[in-house]
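Grab your viewer and work through these exercises with the model open. Try each task before you read its solution.

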Amino acid sequence: MQVLYEDNHIIIVYKESGEIVQGDKTGDKPLSETVKAWLKEKYAKPGNVFVGVVHRLDRPVSGIVVFAKTSKALSRLNEMFRKGEVKKTYWAMVQNPPQKLEGTIENYLLRNEKQNKSYAYEYEKKGAKKAILKYKTIGQTERYTLLEVNLMTGRHHQIRCQLANMGCVIKGDLKYGAKRSNPDGSISLLSHSVEFIHPVSKQPISVVSPLPKEAVWDSFR
């Protein structure tokens with residue numbers, strides 16, 4: 001496990017693609033439990049270790065995940081995420097370049113629970129939620145374009161769905177129309193950086209993720 005930041009109230013770690021942040025029906029060991037075990041060993045804690053899940057990343061996505069080490073930090077971080085006071089930046093490697101180098105996308109996303117997939121509409125639809133993101137092109141190779149994405153809202157599969165809807169499918173994302181999968185089952189979407197004011201100390205926190213080990217990312221290092 002790679003720890004990117006830690007203090008008395010917060011621990012920020014790098015999530016590998018394929019890991020789950022929180023326990024689910026698969027029964028696979030979640031990252032939250034790995035963090036607990038790491039803290040228990042590091043500080044030789046005899047009892048239970050508190051680790052609060054503040055936000056999640058989809059299983060095939062890699063990058064930054066923030067956990068709370070105290071209940072005070074958990075409640076305050078939950079409120080900060082809810083109010084949009086935490087700036088999360090993503091890097092998405094897409095198959096086709098967007099028509100404009102940068103822009104804002106607005107859609108209404110409708111989640112299909114059975115398919116575990118979201119669908120984008122240009123108009124309001126019953127059960128759909130408004131989704132807004134901003135993107136800009138920050139890199140390009142012969143085969144792929146690298147987009148920096150900032151979410152204005154937090155919807156199910158929002159980046160994956162909205163980028164695919166505008167013709168920029170994320171590399172390896174078969175669910176949303178990629179031509180082929182990545183060898184390791186990942187999709188080329190990275191939770192790249194996070195910025196916020198510490199909920200307890202009130203100091204500014206800024207953390208940047210390392211890039212995934214896959215060779216395809218080397219062009220953008």
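**Exercise 1. Work out what the side chain of Gln 162 is doing: which side chain does it join in a polar contact, and is Gln 162 buried or exposed?**

Solution. Keep in mind that this is a predicted model.

- Step 1: Start with the side-chain pair. Gln 162 and Asn 107 are joined through their side chains by a polar contact of 2.9 Å.
- Step 2: Look for a backbone partner. The Gln 162 side chain also gets to the backbone oxygen of Ala 131, at 3.2 Å.
- Step 3: Check the accessibility. Gln 162 has 0% relative accessibility, so it counts as buried; the cut-off for that is under 20%.
- Step 4: List the surroundings. Skipping neighbours within four places in sequence, the contacts of Gln 162 are Ile 105, Glu 106, Asn 107, Leu 109, Ala 131, Ile 132 and Leu 133.

**Exercise 2. Take helix H1: what span does it reach from first to last C-alpha, and why do its buried residues line one face?**

Solution. 

- Step 1: Get the length. H1 runs over residues 31-42, which makes twelve residues. Its end-to-end C-alpha reach is 16 Å, close to the 16 Å expected at 1.5 Å a residue.
- Step 2: Pick out the buried residues of H1: Leu 31, Ser 32, Val 35 and Leu 39.
- Step 3: Look down the axis. The buried residues of H1 sit within an arc of 105 degrees, so they line one face of the helix.
- Step 4: Recall the helix geometry behind this. With 3.6 residues a turn in an α-helix, residues three or four places apart point the same way.
- Step 5: See what that buried set packs against: strands E1 (2-6), E2 (10-15), E3 (52-53) and E4 (62-68).
- Step 6: Step past the end of the helix. Just after H1, Ala 44 has a positive phi of about 50 degrees.

Methods:
Residues numbered from 1 in each chain as written. Predicted model: local features only at pLDDT ≥ 70, side-chain atom pairs only at ≥ 80, totals over all residues. Heavy atoms only, no water. Buried < 20%, exposed > 50% of the residue type's maximum accessible area, 1.4 Å probe, protein only. Polar contact = N/O pair within 3.5 Å; in protein donor to acceptor, adjacent residues only side chain to side chain. Contact = heavy atoms within 4.5 Å. Helix = DSSP H or I, 4+ residues; strand = E, 2+ residues; numbered from the N terminus. Expected span 1.5 Å × (residues − 1). Arc of directions from axis to C-beta.
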